[in-house]
Structure formats: structure tokens, C-alpha cells
Amino acid sequence: TPANYDHLGAIEYSGNDSDGNKTVFARMRSRTRDVTNGEESGYMYFDVVNNGTLKTWMEVNGDGLDLDLTLSGDAFTIESLDTGSNDSPVLQLFRNSSSPANGDDIGTIRWRADHSGGSIHTFAELEVEADDVTDGSEDAQVRLKMSDNGTVTEVLRFDVIDATTTS
């Protein structure tokens, strides 16, 4: 009988380590999430060995994509080899809403780090809000927020006033 969270299968990529021991260096695995007829959904996991431990680095599910980029150095790079004048590379944040509304926050880039107490703190954010989602007259505002004495506060806002002026 099928059940939610059933293991569906895995593909393992194995080889020998320096002592000749068989080692799984990478694995793709999947399982069910919901087996209800008409509402079926699943999970796909991508695992890779790092420092001797097989770890899940990426999960794809019905809610989207989760990445664990706990690496040293540059954890994520978008590189374009285009030699032309195209706008490349492009990082696109797309909010796909079935009911877009004025005032929707449509994307945030957040800079976070540990503070001296050992907890994670947000030090800065760049947010975009859809002021007007009416087809043909879309308006937006961009807000820059920074940490001030431990509180993330808006410090700069770009908002269209009319066709020629911004604030």
C-alpha cells in the first residue's frame, strides 16, 4: 500500500577511497511526499560526500528548491562566458502569484552573519515591493535596510513619483 514519505529509489555513485574501502561519493534519492490521488507530490535529494560524510546539499520538493551552501570561499557564483553586449549574467527573482496585489513584497536579498553572541543576525536587506500591479501601469519601490544597533531599519527608498522624478 503506498504511503506518504515512502522511499522510491536511489542512484549511488561509488568508488574506492585511498585505503580501498568502497565509498558512496554521491547519491540521488527520491521519496513520496503525498500519495493522495490528484495531489501527488514528491521529494528529490542530492547528496555528496564532504570530509568523509555523505550530506544532503540540495532538496527539490513541491515547495521549491532548498540548497545548503555551507562552504568556505565563494559559495555561489553566476558566470557568463558571453562576449557580446547582452545583459548577462542575470539573476532573476520571480514571484509567481496567482493573485498579485498592490503592496506585495516580491523579492528580498538578505545579508546575514553570526554576531558575537553566536546567533545569526540580518545585517542588511534589499527589498522590492509591487506598488501597483495593474497591467500596463505597474509601479514598484526598492528599499535598502541596514542593521542599526541590532535593528534592521529602512535607510533608503526608491519610489517613482511621476515619469521623470524619483525619491
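Colleague: A pocket is an open set of points on a 1 Å grid over the protein atoms alone, where a 1.4 Å probe fits, with protein on both sides within 12 Å along at least five of seven lines, and its lining residues have an atom within 4 Å of a point. Which residues line the second largest pocket?

Modeller: This is a predicted model, in which local features need pLDDT of at least 70 and side-chain atom pairs pLDDT 80 or more, while totals for chains, interfaces and linings use all residues. Residues are numbered from 1 along each chain as its sequence is written, and side-chain values use heavy atoms, without hydrogens and water. The lining of the second largest pocket consists of Leu93, Phe94, Arg95, Ser97, Pro100, Asp104, Ile106, Ala130 and Val133.

Colleague: How does that lining divide into nonpolar, polar and charged residues?

Modeller: The lining of the second largest pocket has 6 nonpolar residues, 1 polar and 2 charged. Here Ala, Val, Leu, Ile, Met, Phe, Trp, Tyr, Cys and Pro are nonpolar, Asp, Glu, Lys and Arg charged, and the others polar.

Colleague: Changing topic, how many salt bridges are there?

Modeller: The count is 10 salt bridges, taking a side-chain nitrogen of Lys or Arg within 4 Å of a carboxyl oxygen of Asp or Glu.

Colleague: Which residue does arginine 27 meet in a salt bridge?

Modeller: The side chain of arginine 27 meets that of aspartate 47, at 2.8 Å from N to O. Arginine 27 belongs to strand β2 (residues 22-34) and aspartate 47 to strand β3 (residues 41-50), so this pair ties together parts that are 20 residues apart in sequence. Strands are DSSP runs of E, at least two residues, numbered from the N terminus.

Colleague: And what does arginine 29 meet?

Modeller: Arginine 29 and aspartate 47 also have side chains that meet in a salt bridge, with an N to O distance of 2.7 Å. With arginine 29 in strand β2 and aspartate 47 in strand β3, the pair ties together parts that are 18 residues apart in sequence.

Colleague: Is aspartate 47 buried or exposed?

Modeller: Aspartate 47 is buried, because its relative accessibility is 2%; buried means under 20%, exposed over 50% and partly exposed in between, with a 1.4 Å probe and protein chains only. Arginine 27, at 22%, is partly exposed, and so is arginine 29, at 24%.

Colleague: Which residue does glutamate 127 bridge to?

Modeller: Glutamate 127 forms a salt bridge with lysine 145, their closest N and O atoms being 3.2 Å apart. Glutamate 127 lies in strand β7 (residues 120-132) and lysine 145 in strand β8 (residues 139-148), so the pair ties together parts that are 18 residues apart in sequence. Both glutamate 127 and lysine 145 are buried.

Colleague: Which residues are linked in a network of salt bridges?

Modeller: The network links Asp105, Glu127, Glu129, Arg143, Lys145, Glu154 and Arg157.

Colleague: On the backbone now, what is the phi of tyrosine 5?

Modeller: Tyrosine 5 has a positive phi of about 70 degrees although it is not a glycine. Most residues other than glycine have a negative phi. Tyrosine 5 is in the segment before β1 and is partly exposed, at 48% relative accessibility.

Colleague: And where does asparagine 51 lie?

Modeller: Asparagine 51 lies in the loop between β3 and β4 (53-61). Its phi is also positive, near 55 degrees, and asparagine 51 is exposed, with a relative accessibility of 76%.

Notes
Helices (H or I, at least four residues) and strands (E, at least two) are DSSP runs, numbered from the N terminus.
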